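Let's take a walk through this protein together, one stop at a time.

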Amino acid sequence: MSDQQGRFITLEGVEGAGKSSALELIADEIRDHGVPLQITREPGGTPLGEQIRDLLLDHRQREMADDTETLLVFAARAQHLHQVILPSLAAGTWVLSDRFTDATYAYQGAGRGGDIARITQLENWVHPGFTPDLTLLLDLPVELGLQRASMRGIPDRFEREPAAFFQTVRDCYLERAASAPNRFRVIDASRPLDQVQETLRQTLREWLATI
Ligand code: Z5A
């Protein structure tokens, strides 16, 4: 799909996994590696994608059909790839994205019970043959994640889902990680922050040493 020169790293996790602080640490490690880095996120990452994000997270959008949600996620992703991810990689800039297509399998596929074959069709349309070089999955029990996330402000459209929804999301992430062990690194995010950060640092350094 592209003459990729930079590396594409994604960060995934269930609700309250601690992606925000992990993102900063990962970014520092990559910059220390001496390469230019673009940090971005999904849904979002472009002006158009951020507008789609607002729609997706707006808790007043109660009537959004599951197919609409999936298509909006991929519409934002198509723009993100076109405007940010692929041009950056082609220019030799590494890209660190807070979520990518694994999240669609986890949330729209497992969480919403969507048709996985349709998600795969959309994936093959929007980014055929293109996957992250490395995916860091912050994993923790759902109850703990929800407890941590409850400290935040008004819950968005996803954060209003019950624990059972997030359990299927977590299960899906773990299944995907098990089926692609070369790409995924699963980090136990249930431990204290300093221990999680140390494992992340170590994991990244080991991976960087292999490329
Ligand atoms: N979504 C989708 O459905 N389909 C898709 O294809 C994509 C996304 C790409 C927004 O994502 C929503 O989009 C998301 C899935 C959907 N919905 N949900 N849920 P997002 O990634 O922007 O939003 P988020 O999942 O809510 O993540 P977040 O806010 O960026 O971060 P977080 O990982 O949930 O947690 P945090 O804010 O970093 O940490 C939570 C609290 O725990 C905070 O107070 C921390 O200080 C604390 N914390 C963190 N680590 C620790 C440790 N180790 N010990 C104790 N306390 C800790």
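Start with Asp102 and Arg176, whose side chains meet in a salt bridge, 2.8 Å from N to O. That term means a side-chain nitrogen of Lys or Arg within 4 Å of a carboxyl oxygen of Asp or Glu. Side chains of opposite charge can pair when their charged atoms come close. Asp102 sits in helix H4 and Arg176 in helix H7 (residues 163-179), so this pair ties together parts that are 74 residues apart in sequence. By the same rule, the count comes to 18 salt bridges. Helices (H or I, at least four residues) and strands (E, at least two) are DSSP runs, numbered from the N terminus.

A quick word on what you're looking at: this is a predicted model, where local features need pLDDT of at least 70, side-chain atom pairs count only at pLDDT 80 or more, and totals for chains, interfaces and linings use all residues. Residues are numbered from 1 along each chain as its sequence is written, and side-chain values use heavy atoms, with hydrogens and water left out.

Zoom in on the atoms next. A polar side-chain atom of Thr104 lies 2.7 Å from an oxygen atom of the ligand. A ligand nitrogen atom has a polar side-chain atom of Arg148 at 3.2 Å. With Arg191, it's a backbone N or O atom that lies 2.9 Å from a nitrogen atom of the ligand.

Most residues other than glycine have a negative phi, and most peptide bonds are trans. Arg99, in the loop between strand S3 (94-98) and H4, has a positive phi of about 80° although it isn't a glycine. And the peptide bond from Glu42 to Pro43 is cis, with omega near -10°; look for Pro43 in the loop between strand S2 (37-41) and H2.

Definitions and conventions:
A polar contact is a pair of N or O atoms within 3.5 Å; within protein, one must be able to donate a hydrogen and the other to accept it, and residues adjacent in sequence count only if both atoms are side-chain atoms.
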